[in-house]
Amino acid sequence: MTSQDTIFSKIIRREIPADIVYEDDLALAFKDVNPQAPIHILVIPKQPIPKLADAESGDHALMGHLLLTVKRVAEAAGLTNGYRVVINNGNDGGQTVDHLHLHILGGRHMKWPPG
Ligand code: 5GP
């Protein structure tokens, strides 16, 4: 256990269960335990970057990989009519888990602006 350890690190290490829908060397995708849409999947880097604001220039390729993983996972989930991708960053952004994650929300029409 390190200071960067979160519930998502435990999911990566399979210490707590999650409904994992995709995995590769760099990323993991699993269903959100408290879905805000019919389909709500989280895509996370295996590297424990706490939040988007902590990403560095050396994370350039990883950041691109995460976005392309979103696309791949959304396609596999059948979200052909569109979807929303959300990154909550820090306190004002509403982030509650300090491990960077991209929300994929789909299966219903999204409203704008978000709350
Ligand atoms: P945030 O508010 O930080 O952007 O999003 C954190 C998300 O993680 C929330 O949507 C919350 O429901 C989800 N979450 C928190 N704990 C767990 C968990 O143990 N398992 C899964 N699958 N999702 C979780």
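Visitor: Where does the ligand sit?
Guide: The ligand sits in the largest pocket. A pocket here is an open set of points on a 1 Å grid over the protein atoms alone, where a 1.4 Å probe fits, with protein on both sides within 12 Å along at least five of seven lines. Sitting in one means that more than half of the molecule's atoms lie within 2 Å of its grid points. This is a predicted model, where local features need pLDDT of at least 70, side-chain atom pairs count only at pLDDT 80 or more, and totals for chains, interfaces and linings use all residues. Residues are numbered from 1 along each chain as its sequence is written, and side-chain values use heavy atoms, leaving out hydrogens and water.

Visitor: Ok, which residues come nearest to the ligand?
Guide: Asp32, Asn88, Thr96, His101 and His103, out of 16 residues around the ligand. To be near, a residue needs a heavy atom within 4 Å.

Visitor: What does the side chain of Asp32 do there?
Guide: An N or O atom of the Asp32 side chain is 2.4 Å from a ligand oxygen. The cut-off for a polar contact is a pair of N or O atoms within 3.5 Å. Thr96 uses a polar backbone atom, 2.6 Å from an oxygen of the ligand, and His103 has a polar side-chain atom 2.8 Å from a ligand oxygen.

Visitor: Which element gives the most to the shell?
Guide: H1, with three residues. Helix H1 (7-12) and strand S2 (27-31) each bring at least two; helices are DSSP runs of H or I with at least four residues, strands are E runs of at least two, numbered from the N terminus.

Visitor: New topic: how many aromatic pairs?
Guide: The count is one aromatic pair. Phe8 and Phe30 sit edge-to-face, 5.3 Å centre to centre with 75° between the planes. Rings of Phe, Tyr and Trp (its six-membered ring) pair with centres within 6.5 Å; planes under 30 degrees apart are stacked, over 60 edge-to-face, the rest tilted.

Visitor: What does that pair tie together?
Guide: Phe8 is in helix H1 and Phe30 in strand S2, so the pair links parts 22 residues apart in sequence.

Visitor: And which peptide bond is cis?
Guide: Trp112 to Pro113, with omega near 5°.

Key:
Polar contact = N/O pair within 3.5 Å; in protein donor to acceptor, adjacent residues only side chain to side chain. 1 Å grid on protein atoms, 1.4 Å probe; cavity = no way out; pocket = protein on both sides within 12 Å on 5 of 7 lines; lining within 4 Å.
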